[in-house]
Amino acid sequence: MTSRTHVIGVVNVTPDSFSDGGQWFRTDVAVAHGRHLLAQGADMVDIGGESTRPGATRVPVEEELARVIPVVQALAATGAAMSVDTMRAEVAEQAVAAGAHMINDVSGGRADPEMAAVVARTGCRYVLSHWRGHSDVMNDLADYTDVTAEVCSELGAQVDQVKARGVRSDQLVLDPGLGFAKEGVHNWELLAGLDQIMSLGYPVLVGASRKRFLGELLAADGAESMPAFRDRATAAVTALAAVRGVWGVRVHDVAASVDAVRVAQAWREAENGR
């Protein structure tokens, strides 16, 4: 991967994702979509087999494996760079064995106590997200006095926990968990506080793509607020986050964010050359 902000394309192998409604649920369609995102300039694609939208219920591990592993295997055969989006150690381990290069765990190691051991054993990069609880309860846990300070503190505790299980510092990428136990105002405060999150000393991944707080913003102006109509707002977040120097963004519309990163990179280079 390059030194600029990385663009990670989302491939939801689920029938009930909030963002695309099961559009990529079939294995062959998911593989084709992953290849399309890579051709558009994605540095990596993130394969997920379990929806984490608010209110979602968990699927059995066997079902998650059946959704994810064939897609990882097929894309690995093409040399694709891949991440697996899972909270389960078993899925993560099998996906890495099948060819995934990174584990993206929205629970930051808290949903499965064995996840840290798998990360340590495989040695792959690990996205550790701020997390307070599963999708069926997380909306009730969005209670903060100073959201950025509290997220930083809780991320620090999660980092300490996984490092105690053998995960190396150089494996870690931190994600503030936009939308996970966060109300809209919390997400905006976290984006405004990216420098504080980055000061923890780890690369930072931002996952704002198509999320509800963007829909709320657009709806307030009378615009269409459905997920698929939030891509331009997502690209704006990408550009602003990239100017701040984040490690990566996780997005559904890759092409727009690739362009946004190029703009941000040119801007940063011009600033550094002054």
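A residue is called buried when its relative accessible area is under 20%, exposed when it is over 50%, and partly exposed in between. The structure described here is a predicted model. By this scale Ser 3 is exposed, because its relative accessible area is 78%. Ser 3 belongs to the segment before strand E1. Although Ser 3 and Trp 247 are 244 residues apart along the chain, their C-alpha atoms are separated by 8.2 Å.

Thr 5 also lies in the segment before strand E1, which spans residues 6-12. Its relative accessibility is 5%, so Thr 5 counts as buried. The side chain of Thr 5 reaches the backbone oxygen of Val 246 at a distance of 2.8 Å. When neighbours within four places in sequence are left aside, Thr 5 is in contact with Asp 43, Ala 242, Val 246, Trp 247, Gly 248, Val 249 and Val 261.

Helix H10, residues 254-272, supplies the largest share of the lining, with 4 residues. By residue class, the lining consists of 3 nonpolar, 6 polar and 3 charged residues.

Helix H6 runs over residues 184-192, and its residues Gly 184, His 186, Asn 187, Leu 190 and Leu 191 are buried. These residues lie on the same side of H6, because they cover an arc of only 160° around the axis. In general, an α-helix has 3.6 residues a turn, so residues three or four places apart point the same way.

With a relative accessibility of 36%, Glu 189 counts as partly exposed. Apart from residues up to four places away in sequence, Glu 189 touches Val 147 and Thr 148. The C-alpha atoms of Glu 189 and Thr 148 are 6.8 Å apart, while the two residues are 41 residues apart along the chain.

Helix H9 contains Ala 233. Ala 233 counts as buried because its relative accessibility is 15%, a value under the 20% cut-off. Not counting residues up to four places away in sequence, Ala 233 touches Leu 214 and Leu 218. Between Ala 233 and Leu 217 the C-alpha to C-alpha distance is 9.1 Å, with a separation of 16 residues in sequence.

In helix H4, which covers residues 115-122, the buried residues include Met 115, Ala 116 and Ala 117. Val 118 and Val 119 of H4 are buried too. The buried residues of H4 pack against helix H3 (89-98), strand E4 (102-105), strand E5 (125-129) and H5. Just after H4 comes Gly 123, which takes a positive phi of about 75°.

Positive phi values are also found at Ala 181 and Arg 210. Most residues other than glycine have a negative phi. For Ala 181, phi is near 55°. Ala 181 lies in the loop between strand E6 (172-175) and H6, and its relative accessible area of 1% means that Ala 181 is buried. For Arg 210, which is not a glycine either, phi is about 60°. Arg 210 is placed in the loop between E7 and H8. Its relative accessible area is 12%, so Arg 210 is buried.

Key
Residues numbered from 1 in each chain as written. Predicted model: local features only at pLDDT ≥ 70, side-chain atom pairs only at ≥ 80, totals over all residues. Heavy atoms only, no water. Buried < 20%, exposed > 50% of the residue type's maximum accessible area, 1.4 Å probe, protein only. Helix = DSSP H or I, 4+ residues; strand = E, 2+ residues; numbered from the N terminus. Arc of directions from axis to C-beta. Contact = heavy atoms within 4.5 Å. Polar contact = N/O pair within 3.5 Å; in protein donor to acceptor, adjacent residues only side chain to side chain. Nonpolar A, V, L, I, M, F, W, Y, C, P; charged D, E, K, R; others polar.
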